[in-house]
Amino acid sequence: MKLPDGPKTPRFLQLIQWIGDPLGYMESCKDKYGDIFKLGCSQRPIVMVSHPQAMQEMLTSDRLTAPGYPNEIFRPLMGNNSLFLLNEKSHQRQRKLLMPPFHGERMFHYGQLICDITKKVTSQWVTDKPFPIRETMKEITMSVILQAVFGLYEGERFQQIKKLIGERLEMTATPLGFALLSFPSLQQDWGPWSPWGRIAHKIRQIDELLYAEISDRREQLDPSRTDILSLLLLARDEEGQGMTDVELRDELMTLLVAGHETTATALAWAFYWIHKLPEVGKKLLDELDSLGDNPEPMAIFRLPYLTAVCNETLRIYPVAMLTFPRVVKSTVKIMGHRLEPGTEVVGSIYLTHQREDLYPEPKQFKPERFLGRQFSPYQYLPFGGGARRCIGMALAQFEMKLVLATVLSSWKLALADNKPVQAKRRGILLAPAGGVKMVMKGRRIGQGQTSEPVASSV
Ligand code: HEM
């Protein structure tokens, strides 16, 4: 089978480059081989595309499918029934069960919850003490997921799950930890001191808590509750079947992991750009102030400049750099290349978003580009597309806007230093190196005035 051209360096060296410097790797391939090339960093050859036409073909053609097996890397944490890993019919069935609680309209029930959590978490900030804003954002997005998805409010189980998931994700955030995920042969549980043994132990601890919660909730099933676990406990497929405990555990874990670091990282980037570029911050504050005190979450959601800032944040450094791989089912021609059945194709969201023909001066943060024109779903796609498009898209967009509006209207913040922040791989995400260090300078009481700082201890 003839595949497009691509780097010829040994697989191991390509893998090291992909793990250590994913953006450099993708950019150098694009510069050398153009809009379509073959990557040699994985066991199976993968074709990477970034041209909008190729993205559309890959995401919508019935000659390609979106199976779960290329997402093997997620299996140890998310489990066999995770939406990430399911194929064809079972994937469609599970998506149908999961989608309704994530529909735009239902999301809006969570508006007040998101604002309240944001206020509570940020009330812990201490004046003039530098802190990485990504950590605060993780605290917020994890609480939102636990409350919106699980219906878990405070309490010991809430605190334990929060702590253990955070610890588990840290274990594979470093390049070394990510390498553990990339080489299944290293995933050996040789007791509590071996690297994989520690990970496996952590997953068992989380599982105990998840199963305990599922069991309690099955016993006291309350149809009036609106959290996603309650809706899933009541959901039935076309044959009238509900979800098993193991299916529920795997989906809960999937939503917890997929839903909190992604949004927290996007928020950390947004805070960086807003404070790095004072003119962006000023425009945004003027727009937020125009809504007056205590605006409705929906009014915040509709603000055009805030929307543009969030869009540009996810354009310049899309926290999910790639779509999930798709697989050719019957021979297809993409960008002039005949791809045979079995070929894996992945979309580089990063490279699409860096195209000079779509986004002039692509390395510059310019929210205005989203005010002047509309982009097609294959030119701008931070949440992927087609059969596996992110199911948390509406929640993530709503959450980003409400958290930014709540924080910026309440607090004066500044970057702790003026050095440019680099984009760095954290696990599978593209995150700001160092987490974006910020300082809180005082409370804001509308229209740009500040009062004496009201800071409590940590
Ligand atoms: C800024 C935040 C987020 C970004 C950038 C993001 C991005 C993505 C991307 C690129 C995909 C793959 C799409 C494809 O291959 O076509 C995806 C899939 C997915 N996302 Fe998100 N996501 C975010 C937040 C969330 C949230 C909040 C949740 C849930 C609470 C979530 C749940 C999922 C799930 C379950 C899938 C798999 C869908 C499937 O396999 O059918 N994501 N996301």
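Is Glu-247 buried or exposed? At 13% relative accessibility, Glu-247 counts as buried, because the cut-off for buried is under 20% relative accessible area. Keep in mind that this is a predicted model.

**Glu-247 and its helix**

Glu-247 lies in helix α13. A polar atom of its side chain is 3.0 Å from the backbone nitrogen of Thr-244. Leaving out residues up to four places away in sequence, Glu-247 touches Asn-81, Arg-93, Gln-94 and Gly-242.

**The ligand and its shell**

Helix α13 also matters for the next topic.

| Residue | Atom of the residue | Distance to a ligand oxygen |
|---|---|---|
| Arg-326 | polar side-chain atom | 2.8 Å |
| Gly-385 | backbone N or O atom | 3.0 Å |
| Arg-388 | polar side-chain atom | 2.7 Å |

**Cysteines**

A disulfide is a covalent bond between the sulfur atoms of two cysteines. How many disulfides does a search of the whole structure find? The search finds 0. Take Cys-115 as a case. The closest cysteine sulfur to its own is in Cys-310, 13 Å away, so the pair is too far apart for a bond. Cys-115 is buried, with a relative accessible area of 8%. Cys-29 counts as buried too, at 3% relative accessibility.

**A buried strand residue**

Val-346 sits in strand β8, which covers residues 344-347. Its relative accessible area is 4%, so Val-346 is buried. What does it touch, beyond its neighbours within four places in sequence? Its contacts are Ile-46, Val-47, Met-48, Val-49, Met-58, Leu-322, Thr-323, Phe-324 and Pro-325. One of these, Val-49, is 297 residues from Val-346 along the chain. Even so, the C-alpha atoms of Val-346 and Val-49 are separated by 6.4 Å.

**Two positive phi values**

Most residues other than glycine have a negative phi. Asn-294 is not a glycine, yet its phi is positive, at about 45°. Its place is in the loop between α14 (278-289) and α15 (297-301). Asn-294 has a relative accessible area of 71%, so it is exposed.

Met-335 also has a positive phi, near 50°. This residue lies in the loop between β6 (332-334) and β7 (337-339). Is Met-335 buried, exposed or partly exposed? With a relative accessible area of 26%, Met-335 is partly exposed.

**Confidence**

The protein averages a pLDDT of 89. Of the residues, 97% score at least 70. Where does pLDDT stay under 50? That happens over residues 447-458. For this stretch the model has 26 contacts beyond four places in sequence.

Notes: Residues are numbered from 1 along each chain as its sequence is written. This is a predicted model: local features need pLDDT of at least 70, side-chain atom pairs count only at pLDDT 80 or more; totals for chains, interfaces and linings use all residues. Side-chain values use heavy atoms; hydrogens and water are left out. A polar contact is a pair of N or O atoms within 3.5 Å; within protein, one must be able to donate a hydrogen and the other to accept it, and residues adjacent in sequence count only if both atoms are side-chain atoms. A disulfide is a pair of cysteine sulfur atoms within 2.5 Å. Buried means under 20% relative accessible area, exposed over 50%, partly exposed in between (1.4 Å probe, protein chains only). pLDDT is the predictor's confidence in each residue, from 0 to 100. Contact means heavy atoms within 4.5 Å. Helices (H or I, at least four residues) and strands (E, at least two) are DSSP runs, numbered from the N terminus.
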